[in-house]
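Please examine the structure below with care. The paragraphs that follow move from a single residue to the chain as a whole.

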Amino acid sequence: PYTSVLVTKTWLDAAGSQMAPVKDIEFTLMRQVEGGTPEEAGTQTLASTADPYQLVWDNQPLTDNAARPYRYYLVESGTPANFIFTSGTQVLSADRATLTVPTYNRYQIPTGRAIVTKVWEGGPVIKPDVHLALGRNGTTATYGVTIQNGDGLTQVFSENLPFTDAQGNP
């Protein structure tokens, strides 16, 4: 028996909300029987402008020559930076005509470290406290720090600061 393998693709932001496709993605459909060697069943490119946003591989066997069922899965090439590719649960239609394989690319907010250096040039011997707040795109973020009476040089290290919002905007 044969089936059509339908691949649906969903792009998710870091909060789990659906977002517009980011770029064209190449998929390789793989199949494997339990304990067997993976076999390539074909490669297709899903354009970011596709409507509907899916691919179909027709005439794919449900079993090998020994009647052992195939498990189908996908390998994605060109996953954009900061996106994680996952494949959902396969669903075989009641008439066995279509095997649906949902796939997802979920954005993961990149994080890093900020180093702030305050250098005092002149001024009073006892330096005043200085409050620094990091901002993004003209707004003040919640990452603030107070540098107390410095000796001319104070460094503050902040870890795990988000570099973008949930949609990938800097």
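Leaving aside its neighbours within four places in sequence, with which residues is E76 in contact? The model shown here is predicted, and in it E76 touches K9, I25, E26, F27, F85 and N105, once those close sequence neighbours are set aside. E76 itself belongs to strand β6, which covers residues 71-77.

Is E76 buried or exposed? Its relative accessible area is 11%. Because a residue counts as buried when this value is under 20%, E76 is classed as buried. Two of the residues in contact with E76 also meet its side chain through polar contacts. The side chains of E76 and K9 are joined by a polar contact of 2.5 Å, and a polar contact of 2.9 Å links the side chain of E76 with that of N105.

Strands β4, β3 and β6 form an open sheet of three strands in the order β4-β3-β6, with antiparallel pairing. Since β4 (residues 39-46) and β6 stand at the edges and each has a single partner strand, one side of each is left without a neighbour in the sheet. From one strand to the next, the twist averages 25 degrees. Strand β3 spans residues 25-32, and seven bridges join β3 to β4, the two running antiparallel. Within this pairing, I25 stands opposite L46 in β4; I25 is also one of the residues in contact with E76.

Another theme is the nonpolar interior. In soluble globular proteins, nonpolar side chains tend to be buried together. In this model, the largest nonpolar core has 20 residues, of which V5, V7, F27, L29, W57 and L74 touch the most other members. At least two residues of this core come from each of β1 (2-12), β3, β4, β5 (54-61), β6 and β9 (98-107).

The view can finally be widened to the whole chain. The protein chain has 13 strands and zero helices. Of its 170 residues, 32% count as buried. Among contacts with a separation of 6 or more, 60% are made by residues 24 or more positions apart. The chain exposes about 10300 Å², and carbon and sulfur atoms supply 50% of that area.

Note on methods
Residues are numbered from 1 along each chain as its sequence is written. This is a predicted model: local features need pLDDT of at least 70, side-chain atom pairs count only at pLDDT 80 or more; totals for chains, interfaces and linings use all residues. Side-chain values use heavy atoms; hydrogens and water are left out. Helices (H or I, at least four residues) and strands (E, at least two) are DSSP runs, numbered from the N terminus. Buried means under 20% relative accessible area, exposed over 50%, partly exposed in between (1.4 Å probe, protein chains only). A polar contact is a pair of N or O atoms within 3.5 Å; within protein, one must be able to donate a hydrogen and the other to accept it, and residues adjacent in sequence count only if both atoms are side-chain atoms. Contact means heavy atoms within 4.5 Å. Accessible areas come from the Shrake-Rupley method with a 1.4 Å probe; for residues, only the protein chains shown count as cover. Two strands pair if DSSP finds at least two bridges between them. Axes are lines fitted to C-alpha atoms, for helices over the stretch in contact, and angles run from 0 to 180 degrees between N-to-C directions. A nonpolar core is a set of buried Ala, Val, Leu, Ile, Met, Phe, Trp, Tyr and Cys residues joined through side-chain atoms within 4.5 Å.
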